[in-house]
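Let's take a friendly walk through a protein chain together. Have a look at the sequence and the structure first, and then read on.

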Amino acid sequence: KMPSFLEKYFFEDKAQEQLPHLRLQDAPPSEKEKNGVSSLLNQISRLDVLLAQREAEGMARVKSSKAEVESTRENLKKDTVEAD
C-alpha cells in the first residue's frame with residue numbers, strides 16, 4: 001500500500017488538489033509574470049521533491065525503529081522466561 005503523502009506524485013487528481021503550484025503552471029501567465037512565476041514554480045518543485053525524499057526517509061527510519069523495538073521486546077521476553 002502506498003503512503004498517502006506520496007499519492008500526489010502518482011495521481012494527477014491528487015497532485016492538482018495537494019500541489020497548488022501545478023495549478024499555477026497550467027494557467028496562462030502574461031510575459032511579465034512568466035519569468036518570476038516560472039522561477040518560483042521551479043523552486044517550489046525542487047523543494048517539493050526534497051520534502052518527499054525526507055518524508056520517505058523518515059518513514060523508513062520509523063519503520064526500522066519499530067522493528068528494532070519489537071525485536072528488543074521479544075529478546076527481553078525470552079530473557080525473562082529463561083530467568084524464571
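Predicted model: local features only at pLDDT ≥ 70, side-chain atom pairs only at ≥ 80, totals over all residues.

Which residue does the side chain of Arg73 meet in a salt bridge? The partner is Glu70, and the distance from N to O is 3.1 Å. That falls inside the cut-off, because a salt bridge needs a side-chain nitrogen of Lys or Arg within 4 Å of a carboxyl oxygen of Asp or Glu. In general, side chains of opposite charge can pair when their charged atoms come close.

Where do the two partners sit? Both Glu70 and Arg73 belong to helix H3, which covers residues 31-83. They are three residues apart, and that is about one turn of the helix. Glu70 is partly exposed as well, at a relative accessible area of 36%. By the rule used here, the count for the model is one salt bridge.

## The chain as a whole

How many helices and strands does the chain have? There are three helices and zero strands, so the order from the N terminus reads α-α-α.

The chain has 84 residues, and 12% of them count as buried. Its accessible surface comes to about 7,100 Å². Carbon and sulfur atoms account for 56% of that surface.

Take Phe10 as an example. You will find Phe10 in the segment before helix H1, which spans residues 12-18. Is Phe10 buried or exposed? Its relative accessibility is 56%, so Phe10 counts as exposed, because exposed means over 50%.

## Distances along the chain and in space

Sequence and space give two ways to describe how residues are separated. Pro3 lies in the segment before H1 and is partly exposed, with a relative accessible area of 31%. Along the sequence, Pro3 and Ala56 are 53 residues apart, while their C-alpha atoms are 9.1 Å apart in space.

A second pair involves Ile44, a residue of helix H3. Ile44 is partly exposed, at a relative accessible area of 36%. How far apart are the C-alpha atoms of Ile44 and Pro20? They are separated by 9.9 Å, with the two residues 24 apart along the chain.

Key:
Residues numbered from 1 in each chain as written. Heavy atoms only, no water. Helix = DSSP H or I, 4+ residues; strand = E, 2+ residues; numbered from the N terminus. Buried < 20%, exposed > 50% of the residue type's maximum accessible area, 1.4 Å probe, protein only. Areas by Shrake-Rupley, 256 points an atom, 1.4 Å probe, with all protein chains shown as cover.
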